[in-house]
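Hi everyone, thanks for making time.

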Amino acid sequence: MDWTFPSIITSGVLLILATRAILHPLRNIPGPLLAKFTGVWLILLDNSGQRTQTLHQLHQKYGSVVRIGPNELSFSTRKAMREIYGSSPTYAKGPQYGAFGRKSLFTMRIKEEHRERQKRIAHIFGPASVAQVEPIVSEHITKLMRALEMRQSEALDMMLWFRMLALDVTSDIFFGKNFGCLDSGKAPTILHDLDQVFPAYWVEWQFPLLHRLLLHVPYKALHQFLTAGHRFYGYGGEAFNDYVNRYGRTGNRRDLLQKMIAVSDDTAAPKPLADHDIIIEITNLIFAGTDTTGNTFSYMFWELAKNPEWQRRLRDELSTIQFDNVPDYQDVMKLPILDALIHETLRFWPASPASLPRVTPKGGRTIDGVKVPENTIVSCQSYSTQRDPEFFPQPDEFRPERWLDENSDLTAMRDMILVWGRGQRVCMGKPIATMELKMATAAIMKRYSVELGSDTTNSDMEMRDHFVLTAKGGQCKLLFRKISYS
Ligand code: HEM
């Protein structure tokens, strides 16, 4: 044979492909043909915004384990979830977290590094902090109520309004100031940047060279897109410096930034992070808490608008407690119907529907009966675990009653819920997000009925995801009408 340079390259490529397909230890795991050979299939899927639904369909076709890349598996069972995300953190986060911006509590992959960071900031998410920020949450809900009052019988894009509520709450809590969205009724630039942060970082992470080259293309919109992530951290830096200049580093402010920068008198207490790390953390928290919570609200109210019977049941439940404008959290935190509506929204429209990738530890593991070598990327996605018909009969229907039925196996159902993550890396903001969801839903539904706005269709609300859930149409028009209690 004549070994010319092209023939050597061709043979090398064929050898790699054959190894991946025929000799690889994962060769017997079913999945799309292309995924066995190359990661490009998954990259294209990620960028399409339809990764989660496609993987779900693949699970329906191939079963509980699917090979989604040469070295990557997706699982969907309870056993697999327990193994991968169990409370002992043996599986590190996958390399994909490098695409989620700068190094922070959320993106740190190495468990020792994460544990160290957690020790330094976990206190800001404790029960005392939740109680401390309740007045901030209440204040912004009041502003939203005022905005609704001024715009009655007008179809409002509630996706925007709920995102603005979540942004004003999180920025007040972590930046020590808000963007005044609910007062002005206008989306600030940060919200537009937020739309682009994930896709922009994704491009930078997947194609760093291309990203660098594109930055030199003299096209403003492209440049704006590519630099969205960097601009986003700029907001955090500005807010932090402004905060320290205005209030110093000690004080009794009600926000949680104060808690993050304060030096404790107790010498055994963990020291605050360096300023640049605080800036990264608070910026990521704005990111973590805005679209997740805002879009959960939108989908819940969208479902309520389609289900007047659930509006009636919720309103009956709310009539059992007294409040003028916004309820106290402790009065609504245990209401069963409100709770069931939120559980079902997060099950059916999970704000974080996508795979949470992890890496198998040294020596490999057996996951749900499948032998998986070390250093394989494995994951489950909440969209699939939460639509498993064994635990959720009629999984493709929005049925809050499943959470109220005394015959339901609630322990097993809760075990399949992955929307908040699991184990050591579970969402730290869950108590704050839950408080926001419950207080605002109770406040609005006590005073208003909600109907579909004419120009939002089921197709507009079809799910898209770039790790976080969004709606295909990018808006959710709803109409609120005041209830008369006379
Ligand atoms: C409906 C609202 C929310 C949902 C569904 C949600 C979901 C999640 C999920 C799935 C993870 C884990 C990701 C993984 O394992 O890769 C996570 C992590 C995290 N979330 Fe949330 N989140 C929400 C709201 C919030 C809010 C409001 C905050 C801040 C106040 C927040 C702060 C965090 C933090 C700090 C982490 C990282 C935890 C760690 O790795 O130690 N989240 N969230």
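I'll go from the overall picture to the ligand, then to the sheets, and finish with a few single residues.

Two bits of housekeeping. This is a predicted model, where local features need pLDDT of at least 70 and side-chain atom pairs count only at pLDDT 80 or more, while totals for chains, interfaces and linings use all residues. Residues are numbered from 1 along each chain as its sequence is written.

Okay, the overall picture. The protein has 21 helices and twelve strands. When I say helix or strand, I mean DSSP runs numbered from the N terminus: H or I with at least four residues for helices, E with at least two for strands. Along the principal axes, the C-alpha atoms fill a box of roughly 90 × 55 × 50 Å. A compact globule with 486 residues would have a radius of gyration near 23 Å, and this protein has 24 Å, which agrees. That radius is taken over C-alpha atoms, and the globule rule is 2.2 Å times the number of residues to the power 0.38.

How much of the protein counts as buried? The figure is 41% of the 486 residues. Buried here means that 20 or more other C-beta atoms lie within 10 Å of a residue's own; exposed means 12 or fewer, partly exposed is in between, and the C-beta atoms are placed from the backbone. As for contacts, two residues are in contact if their C-beta atoms, placed from the backbone, lie within 7 Å. Among contacts with a separation of 6 or more, 74% are between residues 24 or more positions apart.

Now the ligand. There are 22 residues around the ligand, and Gly289, Thr292, Gly421, Cys427 and Gly429 come nearest. The elements that give two or more residues to that shell are helix H15 (275–306) and H21. Near, by the way, means a C-beta atom, placed from the backbone, within 6 Å of the molecule or strand. Which helix gives the most? That's H15, with six residues.

Let's stop at Cys427. UniProt, in an unreviewed entry, places the feature "binding site" at Cys427. UniProt positions are in the numbering used here, feature names are shortened, and annotations may be inferred rather than shown by experiment. Where does Cys427 sit? You'll find Cys427 in the loop between helix H20 (410–415) and helix H21 (430–447). Cys427 counts as partly exposed because it has 19 C-beta neighbours inside 10 Å. Beyond its neighbours within four places in sequence, Cys427 is in contact with Trp420 and Gly421.

Of its 18 residues, 14 are buried, so H21 is largely enclosed by the rest of the structure. At 1.5 Å a residue H21 should span 26 Å, and its end C-alpha atoms are 26 Å apart, which agrees. The expected span is 1.5 Å times one less than the number of residues.

On to the sheets. Strands of a sheet pair through backbone hydrogen bonds, either parallel or antiparallel. We call two strands paired if DSSP finds at least two bridges between them.

Another open sheet has three strands, S4-S12-S9, and its pairing is antiparallel. Its edge strands are S4 (156–157) and S9 (448–452), each pairing on one side only. Two bridges join S4 to S12 (residues 477–482), and Leu156 has Leu478 in S12 as its bridge partner.

One of the pairs is Asp465 with Leu469 in S11.

Most residues other than glycine have a negative phi. Phe467, in the loop between S10 and S11, has a positive phi near 70°. Is Phe467 buried or exposed? Phe467 is buried, because 21 other C-beta atoms lie within 10 Å. Gln394 also isn't a glycine, and has a positive phi of about 50°. Gln394 is in the loop between helix H19 (382–385) and H20, and with 9 C-beta neighbours inside 10 Å, Gln394 counts as exposed.
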